[in-house]
Structures are given as C-alpha cells and as structure tokens.
Amino acid sequence: MSVPPIRIAVAIASYKRPDDLEALLTSIEALEGAHDLRVIVVDNDASGSAGNVARASRLNVDYVIEEKPGIAAARNASLDHLPPDATHIVFVDDDEVVPAGWMSSLFEVADRYGAEIVCGPVRTIFPPQAPRWIERGGYIQRSPEAEGLTSRTPATNNTLLSLDAYRRAGSPRFDESFSATGGSDTDFFTRLIASSGAKVAWAPSAEVTELVPPDRLRFRWIMRRYIRINNVSGRLMLRSTPAWKLAVRAVGHILVGTAKTAVALATGKGLRLRDTAQITRGLGWIGAVSGRHVQEYQRPTS
C-alpha cells in the first residue's frame, strides 16, 4: 500500500514586523530536504504591512489579511485557509529564524516516537546591552528538555501538528477570549490533546531562534510577562479547581517566593527566576480568581 504524500502548511501570524517576517521566510526558503510546503502568512494589520514581504518571497505563500485584532483571530484565519490536501500544519512565530534542518528534525522525531504533535525549543538571543541579571537569573530563556515524549503543553512558536489529530479532536478553534491576554495556544492544545489522545514529543534538534527586543529587557516587563503567563494558567485551572483552593495556593506561593527572593538578595545571589517565579505564579492566580486578566496584547479594534 502506498503511503500518501506529506503536505505541510506553515502558519505564520504577523503584526507590524515586516523585517522579522522577511528573515523568517528567508530561513524557510533555505530548508534542507524536499518538503511540500505551503506557507500561510496571516497579517493581523488591516493596513497590510506584511504584504510586500509575503509577495516577494520565493515560497508558495498564501497571504491573508485578518482585520480583527488579536492573535487568536489570526491563528483561526490560518486554520480557515488550510489547503484541502494538507496533512500537517506547523506553527512558527514571525520573529523567529529556523535552521536548515528544522522541518526534517520535526518529522524525524514524530516518526521515532509515533507522535502526532512535535514541539521544539526557542532559543532567545540577547543583545549586547542586555542587563546581566536577566541571563544570570534564568529569565526569558526557556527550559531545556531531552528528546522524547513529553507532558509539556505545546505552543504555536515551534510546533508540528498532524491534521488527522486535529480533525479527530473536532477541528477546534483558538479561543478569542485569550486574544488580549495570550494563552490561546495553551488552551487550544490542551483541549486538542484531551479530545484526540495525540502523543506529544519534544525535538531539541528543531531549535529555532529569536532576538529579544530591547524594550523587553526591563524588570517591569519581565515580571508582568510571568504574571500574565500564570494568569492564563490560573484561568485554565479554574475549570477543575475551586476558586478558594486556588487562592489559598496562590497566597502560599507569594509568601514562599517573597521569602526566598529576600534571602537571595540579602546573600548576594540576586534576582533568580526560581525564586520570583513563585511570586508571579501567586499573583497571576490571584488575578484569575478575581477575574482580573493581564491584557498584554490589548489593541484598539479600529
């Protein structure tokens, strides 16, 4: 019996980052191996700021403008424009660059572990002016993991998804209530995995890179980002955890994290993610319990 060909849709949601998008598309053009690719660029800028870059690419690009603000709406637009013969979709962010063996690595790991979802790492590149405490404290950079099956929830920054698993889950949508807060990808994959039973694998060899913008190299931005991430996780936990119980746990994390951070500062160890993560976790959960959501991606509707 012949094996049906693999046809891949690469989904990119973009918003006013044409230079970054151009670098990403150029890196995809340089991929090694014979891959049947169709790239879907969803421009979430109504003025079409990504249009020239998308049309100039040598790739087979479907360029779509999604005027409704929000990353969830843009991701849903990519699902709406999947080619009818596509077998897989690969999500990648518009500010990333992929290595030459990226796509091959994702599929090799999928075959090795019988996984229908494969996600890879994103390595953050810090500019020379980055404050030393950020790198020394373990902030922003994602945690590593060995190759193999994982319980980690995928994100749309570097993930391969079999469309068989997607359809088996009922072709879910990204929840637009997460558009301004982020986390629509966490919610999407949580529901999809629960419904489809798909295995998830981690592919360290499929690492992509991103350059962190200078405006993110500030204490306020970093703490707000971690609070926002935990605010989203708290919202998801409330689906199965009583609000009072989550609030109690949140207060405990804040107290422990505050004590650990104070000790680290007093002993000259400085700010460390391992300590402050408990504070931001507690604050994020408290926000979820009280209905206060961190609107990191809020944009005007017109």
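This is a predicted model: local features need pLDDT of at least 70, side-chain atom pairs count only at pLDDT 80 or more; totals for chains, interfaces and linings use all residues.

Visitor: How are two packed helices described?

Guide: Two packed helices are described by the angle between their axes and the distance between the axes. Here, take helix α8 (residues 219-237) and helix α10 (residues 273-290). Their axes come within 7 Å and cross at roughly 50 degrees. The crossing of α8 past α10 is right-handed.

Visitor: Which residues of α8 meet α10?

Guide: Among them are Met223, Tyr226, Ile227 and Asn230 in α8. On the α10 side, the contact includes Leu273, Thr276, Leu283 and Trp285. By class, the contact of α8 with α10 holds eight nonpolar, eight polar and two charged residues.

Visitor: What shows where empty space is left?

Guide: Rolling a probe the size of a water molecule over the atoms does. In this model, the second largest pocket has a volume of about 250 Å³. It is lined by 15 residues; Ile6, Thr87, His88, Ser162 and Asp164 are the closest to its centre. α4 (102-113), β9 (158-162) and α6 (163-168) each supply at least two lining residues. The lining of this second largest pocket has eight nonpolar, three polar and four charged residues.

Visitor: How many cavities of 30 Å³ or more does the count give?

Guide: One. The largest cavity holds about 30 Å³ of space. Its lining is Trp133, Arg136, Gly137, Lys269, Gly270 and Leu271. These divide into two nonpolar, two polar and two charged residues.

Terms used:
Residues are numbered from 1 along each chain as its sequence is written. Side-chain values use heavy atoms; hydrogens and water are left out. Axes are lines fitted to C-alpha atoms, for helices over the stretch in contact, and angles run from 0 to 180 degrees between N-to-C directions. Helices (H or I, at least four residues) and strands (E, at least two) are DSSP runs, numbered from the N terminus. A crossing is left-handed if the near helix is turned anticlockwise from the far one by less than a right angle, and right-handed if clockwise. Contact means heavy atoms within 4.5 Å. Ala, Val, Leu, Ile, Met, Phe, Trp, Tyr, Cys and Pro count as nonpolar, Asp, Glu, Lys and Arg as charged, and the others, Gly among them, as polar. On a 1 Å grid over the protein atoms alone, a cavity is a set of points where a 1.4 Å probe fits but cannot get out, and a pocket is an open set with protein on both sides within 12 Å along at least five of seven lines; lining residues have an atom within 4 Å of a point. Grid points are joined across faces, edges and corners, and a volume is the space filled by probe spheres set on the points.
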